[in-house]
Amino acid sequence: IGIIDTLGREVTPPQYENLYYFQEKVWRVKKGDFWGLIDSSAKEIVPTVYQDIYYFNDKYLDVRKGNLHGILEQTGREILPPEFDYVNSIEDGIIQVSKNSLSGYVDTTGNYIVPPIIERVTNIGKDIKLLTTNNKYGLFFQDSLTYINPEYDDIELPDEKGYVIVRKRSKWGWVDRSGNVLLPLHFDAVWPFDENDLAWVYQYGLEFQINRKGELVFPKEEEE
């Protein structure tokens, strides 16, 4: 199969086994067992090296080699090589992928934001996703492209200053939105920080208050 224009002039000689309209001014072509894309002037956009090509959205294409998927820009530039079980979604330049049945996130330059170690992803708030692996929990913050590794038995949403309450086994503490430990996990129980940046904690059978540095704070004595 080849292409001629409306005047009958040859645009490309017969060289394809199949040729289908793909989208505006773009054609899906097949050579042997492989597919590619050409434009209306027969210029190659995507070489005929893929088992399949799928329209993903206005910016990206999903391509398949064997059973593995990758992502190209509409221009044909490779964003992700075909090494993923599937490409789940692209949202605000963040691509959710699956590899060996585990999910992760990459950006549109192909760099990992969250490696593929996640068994389950759950939306729990604006730009926040709960990450679950082996019944352990973490968080992914889509607005800042940071994450807390799923290694905790309990995890809460961050407060207004980015302190996240976490529990590992029977001990509680705080980490930041990148998973860095702010206050070590050695408390038997903790409560959120209040408007004075003080939090009640329980340790050694005692209940007392600490500040955001973890320093013990003694109640001010009332003046007589």
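1. Basis. The model is predicted: local features need pLDDT of at least 70, side-chain atom pairs count only at pLDDT 80 or more, and totals for chains, interfaces and linings use all residues. Residues are numbered from 1 along each chain as its sequence is written, and side-chain values use heavy atoms, with hydrogens and water left out.

2. Sheet. Four strands form an open sheet in the order β15-β16-β17-β18, with antiparallel pairing. Strands are DSSP runs of E with at least two residues, numbered from the N terminus, and two of them pair if DSSP finds at least two bridges between them. β15 (120–125) and β18 (146–152) are the edge strands, each pairing on one side only. On average, neighbouring strands here are turned by 20° against each other, direction ignored; the axes are lines fitted to C-alpha atoms, and angles run from 0 to 180 degrees between N-to-C directions.

3. β15 and β16. Antiparallel β15 and β16 (residues 128–133) are joined by five bridges. Thr122 has Leu130 in β16 as its bridge partner.

4. Cores. A nonpolar core is a set of buried Ala, Val, Leu, Ile, Met, Phe, Trp, Tyr and Cys residues joined through side-chain atoms within 4.5 Å. Buried means under 20% relative accessible area, exposed over 50%, and partly exposed in between (1.4 Å probe, protein chains only). The largest core has twelve residues, including Trp172, Val201 and Phe208. β21 (171–175), β22 (181–187), β24 (198–203) and β25 (206–211) each give two or more residues to this core. Apart from it lies another core of eleven residues, among them Phe22, Val26, Tyr50 and Val63.

5. Aromatic contacts. Tyr163, Trp174, Phe187 and Phe193 are linked into a cluster by ring pairs (rings of Phe, Tyr and Trp, the last by its six-membered ring, with centres within 6.5 Å). Beyond its neighbours within four places in sequence, Phe193 has contacts (heavy atoms within 4.5 Å) that include Asp159, Leu183 and Arg212. The charged end of Arg212 sits over the ring of Tyr163, 4.6 Å from its centre; the criterion is NZ of Lys or CZ of Arg within 6 Å of the ring centre and within 35 degrees of the ring normal. Likewise, the charged end of Arg28 sits over the ring of Trp35, 4.0 Å from its centre.

6. Positive phi. Most residues other than glycine have a negative phi. Asn135 has a positive phi of about 60° and lies in the loop between β16 and β17 (136–141). Asn135 counts as exposed because its relative accessibility is 62%. Asp197 also has a positive phi, near 60°, and is found in the loop between β23 (189–190) and β24. With a relative accessible area of 22%, Asp197 is partly exposed.

Terms used. Rings of Phe, Tyr and Trp (its six-membered ring) pair if their centres lie within 6.5 Å; planes under 30 degrees apart count as stacked, over 60 as edge-to-face and the rest as tilted.
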